[in-house]
Amino acid sequence: MMRLSEPQFSCEQILDECVAGITGNASLRKKLTSSKPDLMAAGDEYLVAVGTGELYTIPPIDTNMDDDPVVINALKKSELVKVYDQYFVSKNKPARKMYDALLNSAKENCPFCGGIGTPRNLDHFLPKAHFPQFSVLSRNLVPSCRDCNMDGKGHDFATKAEDQIIQPYADKDRFFMDQWIFATYHADDEREPGVFEYYTSPPENWSEVDKLRVRKHFEDFDLAKRYSTKAAEQLGTVLSQIKKMELANLNKDMIRDVLLQPGVDAAPFVNHWQKGMYQALMHI
Ligand SMILES: [Zn+2]
């Protein structure tokens, strides 16, 4: 649930670079070139659908009768997957620099888990096996860490509005601007020195669907457990800082002002695990 900045390449630029890399397959080169307007139109449709929370209404391709159907113009599923695998990802092809630029745009922070992990590869937000028309659409290519990687898990796609996870490039601002991840600190837990319990609590005025979506995102990426682990790693340090301040006769209000509030303020974005952790410690 970290916002990624818009990709610096247009749909057309990526397609042009892929075409430029096709050297030994004249038929594919010709088909991809003539399919550009249709692929770009599909990309526009994708973007509009994300913005209104309706990406789930775009139907997957039908492979019931034919495992390798024609998807767009004369391009088959296998050809669109090949464009991605051989002419976009391949290290010796001109489009590879765009792959690397997209991967680097996340600046080492996986947008799905909010920077807990470092992106290792680009992941298809809508999987290319079911939506091959978006196989090289930049906004469908999300840098993701090993734990969040959806391609690797052969992930499914949402068929209901409430099952949609957050799209880092183009989803509604509210998911990135409003706080919906919080934590409670249980000092009395049998595990010393206590544990953080993370949970979702979106603003009341959100729609029911949006509330369910953040919960789905939170659960799909196992964020309660991963954030709790992350906070536990820092807890010892923070508690010893609090202890020192208490020994120096600082009262609770002063400790909040000097240590905890700055910790809240230093969180890099609103739903960062660190924000929840310091907020929770304000209540002890
Ligand atoms: Zn991740």
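The protein chain is divided into domain 1 (11–154) and domain 2 (174–281), with bounds that come from an automatic or database domain assignment. This is a predicted model, in which local features need pLDDT of at least 70 and side-chain atom pairs count only at pLDDT 80 or more, while totals for chains, interfaces and linings use all residues. Residues are numbered from 1 along each chain as its sequence is written.

**Overall architecture**

- The secondary structure of the protein chain comprises nine helices and six strands; helices (H or I, at least four residues) and strands (E, at least two) are DSSP runs, numbered from the N terminus.
- The C-alpha trace of the protein chain spans about 80 × 40 × 30 Å along its principal axes.
- Of the 284 residues in the protein chain, 35% are buried; a residue is buried if 20 or more other C-beta atoms lie within 10 Å of its own, exposed if 12 or fewer, and partly exposed in between, with C-beta atoms placed from the backbone.
- Among contacts between residues at least 6 apart in sequence, 69% join residues at least 24 apart; two residues are in contact if their C-beta atoms, placed from the backbone, lie within 7 Å.

**Domain arrangement**

- The centres of domain 1 and domain 2, taken over C-alpha atoms, are separated by 35 Å.
- Six residues of domain 1 contact eight residues of domain 2.
- The side of domain 1 that touches domain 2 has four nonpolar, two polar and no charged residues; Ala, Val, Leu, Ile, Met, Phe, Trp, Tyr, Cys and Pro count as nonpolar, Asp, Glu, Lys and Arg as charged, and the others, Gly among them, as polar.

**Helices α1 and α2**

- Helix α1 (residues 11–21) and helix α2 (residues 26–51) have axes that come within 10 Å and cross at roughly 165 degrees; axes are lines fitted to C-alpha atoms, for helices over the stretch in contact, and angles run from 0 to 180 degrees between N-to-C directions.
- The two helices α1 and α2 are therefore roughly antiparallel; angles under 35 degrees count as roughly parallel, over 145 as roughly antiparallel, 65 to 115 as roughly perpendicular and the rest as oblique.
- The crossing of α1 and α2 is right-handed; a crossing is left-handed if the near helix is turned anticlockwise from the far one by less than a right angle, and right-handed if clockwise.
- In α1, the residues C11, E12, L15, C18 and V19 meet R29, L32, T33, K36, L39, M40 and G43 of α2.
- By class, this contact of α1 with α2 has seven nonpolar, two polar and three charged residues.

**Helices α8 and α9**

- Helix α9 (residues 273–281) is mostly covered, as eight of its nine residues are buried, namely W273, Q274, K275, G276, M277, Y278, A280 and L281.
- The cover over the buried residues of α9 includes β5 (181–186), β6 (195–200), α7 (223–247) and α8 (252–266).
- The packing angle of α8 and α9 is about 155 degrees, with their axes 8 Å apart, which makes α8 roughly antiparallel to α9.
- The crossing in which α8 passes α9 is left-handed.
- From α8, L260, G263 and V264 meet Q274, K275, Y278, Q279 and L281 in α9; the residues of this contact divide into four nonpolar, three polar and one charged.

**Residue G263**

- G263 lies in helix α8 and is partly exposed, with 19 other C-beta atoms within 10 Å.
- Not counting residues up to four places away in sequence, G263 touches Q274 and Y278.
- G263 and Q279 are 16 residues apart in sequence, and 8.4 Å separate them in space, C-alpha to C-alpha.
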